[in-house]
Amino acid sequence: MKPNKTLRNRLLLPLTAVFCLTLGAFMGRQWRADEAPITPAVVAEAAKIIGLDFAPAERDSMIDELVRARENYVRMRTAPLPNQVVPALDFNPLPVGFSMDMKQLPFKVSPQGKVTLPANREELAFYSVTQLAELIRTRQISSEELTKFFIERLKKYNEKLFCVVTLTEERALAEARQADAEIKAGRYRGLLHGIPYGAKDLLAAKGYPTTWGSPIYKNQMIEQDAAVVRRLREAGAVLAAKLSVGEFAWGDVWFGGMTRNPWNLNQGSSGSSAGSASAVAAGLLPFAIGTETLGSIVSPSTVCGTTGLRPTYGRVSRDGCMALSWSMDKIGPIARTVEDCAVVFNAIYGPDGKDQHVRNFPFNYDGTQGIKGLRIGYVKADFERNYPFKQQDSLALAKMREMGIELIPMELPTLPIRELSMIISCEGSAAFDELTRTNMDDQMVRQVKNAWPNVFRAGRFIPAVEYIQANRIRTLLIEEMAKKLQNIDVYVAPSWAGSNLTLTNLTGHPSVVVPNGFRNGTPVSITFTGKPYSEGALLRVAKAYQDATDFHKKHPSL
């Protein structure tokens, strides 16, 4: 049951005249909130929410301005604002004085050796992208055969995992047959040619619903391919499924239920790239596309035991992808290996002429190069605290030292970090403003306090001044991180301890998360983080560690 709306609005209507705080948020519900009187007493009560106190004369002086502001809010709401319209504000993840070598070098993967079809075809489920690519290139298996193989696994195991929203079978088979014809004619496009994959159902695919995980948009048709889907099609990849996403990119619960962890079907797969990580971990697809705003690639990759790359903010076009937080949303691959992530990223990064936040910086990856000369740090204080993955992380640090890596102790900035997550609340409340104003938020799956409907409502009371101040603190964080990384190329941190996950999502730094053992029978991970736009070096370091371990070669038994 909702609190009394009349009382709530009488107390809170005129909190401030700034954009993010529109107390006419409940216009269109049971009464006209925009017509309620704004009095000095109302201002005094409303000011308590933002922790300020105004003198009686000051409260009285504000009345006319607050009334005019509320009238402006009502008029502004008549302008159509579909989700794809971005604010005229740009987040810049680059510190002052940033520079990088703009020379583009050839993309190289490590030697694969001889790859042959397994006697037991079921083993193909856990072949890497590069292994499958060699089988297709040498025509030991056709793309159509491989696509049918994975579609059958998707159909069979989705009954247990709830990781598929929509099978794109017709499109997949057409793309696979096209790939086979091109390869037969000698027009091999590269390592992704003929490889099936899945896309998180925040990304549009022409001819299929794009549901955003919500019953509200269950039948939504966006008649275009998202930029990432276009890029992958150009590389010859085959879209086999739209995969589950926690509703509006939170958690692993969507209108079809809770997506499961293949290692323990009694657990969720975490989110919000829930289906992407679950499907890859279970061997239902070789790779998938996920998105991250505050942990949505790192978290499900940790829980499901996959490898995930969260690129630098502004690396991959978000055209055709649902917006939750324009200044924090990022798109990246989830796969079996670090090198698989490099292969997929190489196909999807770079400007597309539509997402104006994407910068044209080179991506230089050489899987044969090793890590000699790279300076690798570790967040010493975080590893020394007590946390659930401490044992596995301690062994990881020991393994790195055994590999000859000199781990340089470092610290992260100590500015307020957790508090800045209100940026997502504010931007998400704007992205889904209409649902709050029209009461459609009542149709969402999760209706507990710690879920989007409540966060979107509360987000209407975030003052624009505080939102801007939060982003100014982000500027300080970016500059502080630049200082911390002056003598470090890549650093390692716990995936779920300390401030690194939140901090680097705020600053836009790239991260790779890799499997790092097991705890209570389910996977754990460790995180490598690099400088902005340094995915090449970052992936090399993460690959070196992954090559020295075998956690990524262990698979769940369904």
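Predicted model: local features only at pLDDT ≥ 70, side-chain atom pairs only at ≥ 80, totals over all residues.
**View 1. Asp442 and Arg457 meet through their side chains in a salt bridge.** The N to O distance in this pair is 3.3 Å.

**View 2. Asp201 and Lys242 are joined by a salt bridge between their side chains.** Here the distance from N to O is 2.7 Å. Because Asp201 belongs to the loop between strand 2 (196-200) and helix 7 (227-234), and Lys242 to strand 3 (residues 238-243), the pair ties together parts that are 41 residues apart in sequence. Both Asp201 and Lys242 are buried.

**View 3. Lys155 and Glu169 form a salt bridge.** The closest N and O atoms of the two residues are 3.2 Å apart. With Lys155 in helix 5 (residues 143-161) and Glu169 in helix 6 (residues 169-184), the pair ties together parts that are 14 residues apart in sequence. Lys155 is partly exposed at 34% relative accessibility, and Glu169 is likewise partly exposed, with a relative accessible area of 28%.

**View 4. Arg171, Glu175, Asp225 and Arg233 are linked in a network of salt bridges.** Side chains of opposite charge can pair when their charged atoms come close. The structure as a whole holds 30 salt bridges.

**View 5. Leu192 is one of the residues that touch the most other members of the largest nonpolar core.** This core comprises 134 residues, and Leu232, Phe248, Phe287, Ile289 and Phe528 are listed with Leu192 as touching the most other members. Helix 10 (residues 338-348) contributes the largest share of the core, namely eight residues. When neighbours within four places in sequence are left aside, the residues in contact with Leu192 are Val129, Leu232, Ala235, Gly236, Ala237, Phe287, Val343, Val344 and Ala347.

Methods. Residues numbered from 1 in each chain as written. Heavy atoms only, no water. Core = buried A, V, L, I, M, F, W, Y, C linked by side-chain atoms within 4.5 Å. Buried < 20%, exposed > 50% of the residue type's maximum accessible area, 1.4 Å probe, protein only. Helix = DSSP H or I, 4+ residues; strand = E, 2+ residues; numbered from the N terminus. Contact = heavy atoms within 4.5 Å. Salt bridge = Lys/Arg side-chain N within 4 Å of Asp/Glu carboxyl O.
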